Amino acid sequence: MSNTAELADTPSPVPDVRKMSVGDLKDALTAGFRDFRAKPGFGLFFAVVYVLGGWALYMLFFVTEQLWLSLPITVGFPLIAPFLAVGLYEISRRIEAGQTSWSRGDILGVIWRQRLRQLPLMSWVIIVYFLFWSFFAHMLFALFMGPSALTNVTSSYAYLLQPEGLLMLLVGTAFGAAFSFVLFCLTVISLPILLDKELDFVTAMLTSIDVVRCNFGVMLIWGAIIAGLTFLAMLPALLGLLVVLPVLGHATWHVYRRALEH
């Protein structure tokens, strides 16, 4: 395992993919919850940033009378969570290495040093992906409902109950699931591996795809766990994310450790 406090000069070898079981997911979630309990302040700090960002988006849509955008944003906003969880990966890495004492500044310093590595490039992939999904959702709405609905839906959501609106929601959900699955394949272990090793972001994404390909059933269950817990956590004004996001962030590190030979 590399020390992320110092930048390595030579590339790391690409790890081999392991066969995983559902038991690995259970162990990862247990370890993630344990890490959160061990250092709750760090997890809450990163989760609060995420929740406040969500509130800011919804407030912007309310002020600009574009509440209809909350539908695709609710689906797409969690797509950027893996990037915000980088600090959680570092905490789990340190706990796993037996380190017990550090400051918040140490973790933020590690995140700051990532600007010189491959994580910013991977982050741009996620951000562009999110922006494309938002654009696609807007285009899908206009295609099914017509441009006039974009101005009227803010005053009446009856448009969504018409046959065209219901069909749009159905098609949008299907495309949203496809978008989410592709990004899941690209990022399920790519961000932890970029934090832990000296690899380029393309190799990290290809390795992440290999993990999903070799453990397709287990990874589908992992994706369903992430989607289900995140959805439930977003219902009470995003407040559930204050616990769910840190636990899933820590657990993702442990899934990464179980997915590859080290």
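This note describes the fold of a predicted model and one of its helices, H1.

1. Basis. In this predicted model, local features need pLDDT of at least 70 and side-chain atom pairs count only at pLDDT 80 or more, while totals for chains, interfaces and linings use all residues. Residues are numbered from 1 along each chain as its sequence is written, and side-chain values use heavy atoms, with hydrogens and water left out.

2. Overall fold. The protein chain contains 13 helices and 0 strands (DSSP runs, H or I of at least four residues for helices and E of at least two for strands, numbered from the N terminus). Of its 262 residues, 45% are buried, that is, under 20% relative accessible area with a 1.4 Å probe, protein chains only, whereas exposed means over 50%.

3. Helix H1. This helix spans residues 22-38 and has 17 residues. From first C-alpha to last it reaches 24 Å, close to the 24 Å expected at 1.5 Å a residue (1.5 Å times one less than the number of residues).

4. The buried residues are Asp 24, Leu 25, Ala 28, Ala 31, Gly 32, Asp 35 and Phe 36.

5. Contact with H12. Val 22, Leu 25 and Leu 29 in H1 meet Val 218, Met 219, Ile 221, Trp 222 and Ile 225 in H12 (heavy atoms within 4.5 Å).
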